[in-house]
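This report describes how the parts of one protein model pack against one another. Please keep the sequence and the structure in view while reading.

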Amino acid sequence: MTMKKEVCDAVNKQINAEFYSAYLYLSMAAYFESLSLKGFAQWMKTQAKEEEKHAMKLFDHVVDRDAKVMLDAIDKPKQEWKSTLAVLEEAYKHEQSITLRIHTLLDLARKEKDYAAEVLLHWFVAEQVEEEHSTLTILDQLKLLGDSRSGLLDLDRELGGRKD
Ligand code: FEO
């Protein structure tokens, strides 16, 4: 069944939102590189790659449905933050906003009886639980560290171990 225009447009908007997420996390990675927090930078680079995978999952779905992929301009991400904590606070807020978008998209797919899109979006609902959890865990750990520089460097070392 071909996608209805409203669903197709909304999925295309989500492709853009996922690429923006990748860009935002890459910008956060660049910020961490400027502070020589290599582990945080590595974690954010890996996260950016995850976001590209999310975008491509939606891209491939649109193609498989014989609908049109319409790529739009990606907004310029923020480039400076006041602290490591501020970056993680923003990353967590961003993931919460993406979760909301996914839920709204799922509501639309249900309203339009687009069962194929609904199945795909179930994957994204579960993925967002992971995405929020992993970001919030780092944010909570940073809060626990307070002003401890050695704690920050330990966490940086730990985050540098992220491979996927
Ligand atoms: Fe694609 Fe981090 O949500």
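## Basis of the model

This is a predicted model, in which local features need pLDDT of at least 70 and side-chain atom pairs count only at pLDDT 80 or more, while totals for chains, interfaces and linings use all residues. Residues are numbered from 1 along each chain as its sequence is written, and side-chain values use heavy atoms, with hydrogens and water left out.

## Overall architecture

The protein has 5 helices and 0 strands, where helices (H or I, at least four residues) and strands (E, at least two) are DSSP runs numbered from the N terminus. Read from the N terminus on, the order of elements is α-α-α-α-α. Along the principal axes, the C-alpha atoms fill a box of roughly 55 × 25 × 25 Å.

Of the 164 residues, 45% count as buried; buried means under 20% relative accessible area, exposed means over 50%, and partly exposed lies in between, with a 1.4 Å probe and protein chains only. Among contacts (heavy atoms within 4.5 Å) between residues at least 6 apart in sequence, 80% join residues at least 24 apart.

## Packing of helices 4 and 5

Two packed helices are described by the angle between their axes and the distance between the axes. Helix 4 (residues 115-145) and helix 5 (residues 149-159) have axes that come within 9 Å and cross at roughly 160°; the axes are lines fitted to C-alpha atoms, for helices over the stretch in contact, and angles run from 0 to 180 degrees between N-to-C directions. Helix 4 and helix 5 are therefore roughly antiparallel to each other, given that angles over 145 degrees count as roughly antiparallel, under 35 as roughly parallel, 65 to 115 as roughly perpendicular and the rest as oblique.

On the side of helix 4, the contact is made by I138, Q141, L142 and L145, and on the side of helix 5 by G151, L152, L155 and L159. By class, these residues divide into 6 nonpolar, 2 polar and no charged, where Ala, Val, Leu, Ile, Met, Phe, Trp, Tyr, Cys and Pro count as nonpolar, Asp, Glu, Lys and Arg as charged, and the others, Gly among them, as polar.

## Packing of helices 3 and 4

Helix 3 and helix 4 pack with their axes 9 Å apart, at an angle of about 165°, and that makes helix 3 roughly antiparallel to helix 4. The contact of helix 3 with helix 4 has 17 nonpolar, 7 polar and 7 charged residues. Helix 3 passes helix 4 in a left-handed crossing.

A search of the whole structure finds 4 aromatic pairs; rings of Phe, Tyr and Trp (its six-membered ring) pair if their centres lie within 6.5 Å, and planes under 30 degrees apart count as stacked, over 60 as edge-to-face and the rest as tilted. The ring centres of Y31 and W81 are 5.6 Å apart with the planes at 65°, so this pair is edge-to-face. Because Y31 lies in helix 1 (residues 5-34) and W81 in the loop between helix 2 (38-64) and helix 3 (84-111), the pair ties together parts that are 50 residues apart in sequence.

V87, in helix 3, counts as buried at 0% relative accessibility. Leaving aside neighbours within four places in sequence, V87 is in contact with M28, Y31, F32, M44 and W81. The C-alpha atoms of V87 and A29 are separated by 9.8 Å, although these residues are 58 residues apart along the chain.

N12 lies in helix 1 and counts as buried at 5% relative accessibility. Apart from neighbours within four places in sequence, N12 is in contact with K68, V69 and M70.

Most residues other than glycine have a negative phi, and most peptide bonds are trans. D66, in the loop between helix 2 and helix 3, is a residue other than glycine with a positive phi, near 60°, and counts as exposed at 68% relative accessibility. K113, found in the loop between helix 3 and helix 4, has a positive phi of about 55° although it is not a glycine, and K113 counts as exposed at 52% relative accessibility.

Terms used:
A crossing is left-handed if the near helix is turned anticlockwise from the far one by less than a right angle, and right-handed if clockwise.
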